[in-house]
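Hello,

Here is the structure I promised to pass on. Please open it first; my notes come after.

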Amino acid sequence: MAHDPQELMRLAQFWATVSEEHNVEKFATVLHDDFVMWYNFDPQDRTRQEFIETLKSAHAMFEDQKNEDLKITLTEDGFVLQATMTGVLAGERIASPYCMIATVKDGKVIRGDEYFDTAKLTKRA
């Protein structure tokens, strides 16, 4: 079944925006019940609940998060977000390029595969 490109773009823009807001409950509204997240720096599948806990932990230590130079590309199965995440971590400004590949099912994100340049997370922006 083909996805509506306008709906995919809305979902991608929501994902990019809500990640800056640090509102986990709002974020969870676009996660499919069977959602799974995978990260390149810790390559294991995380369940929906594990991902929500990861978000809570990250938000507790990361401030002023922004997605700079955001690029959204729609795919047959979802969307790709490319950006540089900036913000304050442990009192230092950081910038980390990342790419998130999202798979969509039933109007919600069912899978995310995220690639971060983790070396940048310890360097000043």
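Below is what I found, from the whole chain down to single residues.

**Ground rules**

This is a predicted model, where local features need pLDDT of at least 70, side-chain atom pairs count only at pLDDT 80 or more, and totals for chains, interfaces and linings use all residues. Residues are numbered from 1 along each chain as its sequence is written, and side-chain values use heavy atoms, with hydrogens and water left out.

**Overall fold**

The protein has 3 helices and 6 strands. Helices (H or I, at least four residues) and strands (E, at least two) are DSSP runs, numbered from the N terminus. Read from the N terminus, the order is α-α-β-β-α-β-β-β-β.

The radius of gyration is 14 Å, which agrees with the value near 14 Å for a compact globule of 125 residues. That radius is taken over C-alpha atoms, and the globule rule is 2.2 Å times the number of residues to the power 0.38. Along the principal axes, the C-alpha atoms fill a box of roughly 45 × 30 × 25 Å.

Contact means heavy atoms within 4.5 Å. Take the contacts between residues at least 6 apart in sequence: 50% of them join residues at least 24 apart.

**Surface and charge**

Of the 125 residues, 38% count as buried. Buried means under 20% relative accessible area, exposed means over 50%, and partly exposed lies in between (1.4 Å probe, protein chains only). The protein exposes about 7000 Å², and carbon and sulfur atoms supply 51% of that. These areas come from the Shrake-Rupley method with a 1.4 Å probe; for residues, only the protein chains shown count as cover.

There are 14 positive and 22 negative side chains. Lys and Arg count as positive, Asp and Glu as negative; His and the chain ends are not counted. The centres of the two sets lie 3 Å apart, with each charge placed at NZ of Lys, CZ of Arg, CG of Asp or CD of Glu.

**The core**

The largest nonpolar core has 30 residues. Such a core is a set of buried Ala, Val, Leu, Ile, Met, Phe, Trp, Tyr and Cys residues joined through side-chain atoms within 4.5 Å. Trp-15, Phe-51, Phe-79 and Met-100 touch the most other members. Two or more residues each come from helices H1 (5-21), H2 (24-28) and H3 (48-61), and from strands E1 (31-39), E4 (78-89), E5 (92-105) and E6 (108-116). H1 gives the most, with 7 residues.

Phe-79 is worth a look. Residues up to four places away in sequence aside, its contacts include Leu-8, Leu-11, Ala-12 and Trp-15. Met-100, Ile-101, Ala-102, Val-104 and Val-109 are also among them.

**Single residues**

- Tyr-115 is found in strand E6. This residue is partly exposed, at 37% relative accessible area. Beyond its neighbours within four places in sequence, Tyr-115 contacts Trp-38, Asn-40, Pro-97, Tyr-98, Cys-99 and Ile-101. Its C-alpha atom is 6.3 Å from that of Met-100, 15 residues apart along the chain.
- Thr-54 is in helix H3. Its relative accessible area is 28%, so Thr-54 is partly exposed. Not counting residues up to four places away in sequence, Thr-54 touches Tyr-39 and Arg-46.
- Thr-84 is in strand E4. Leaving aside neighbours within four places in sequence, Thr-84 is in contact with Lys-66, Asn-67, Glu-68, Ala-95, Ser-96 and Pro-97. Thr-84 and Asn-40 are 44 residues apart in sequence and 16 Å apart in space, C-alpha to C-alpha.

**Backbone: two positive phi values**

Most residues other than glycine have a negative phi. Asp-64 has a phi near 55°. Asp-64 is found in strand E3 (residues 62-74) and is partly exposed, at 43% relative accessibility.

Asp-106 also has a positive phi, of about 55°. This residue is found in the loop between E5 and E6. Asp-106 is exposed, with a relative accessible area of 59%. Asp-106 and His-3 are 103 residues apart along the chain, with C-alpha atoms 9.1 Å apart.

Best wishes
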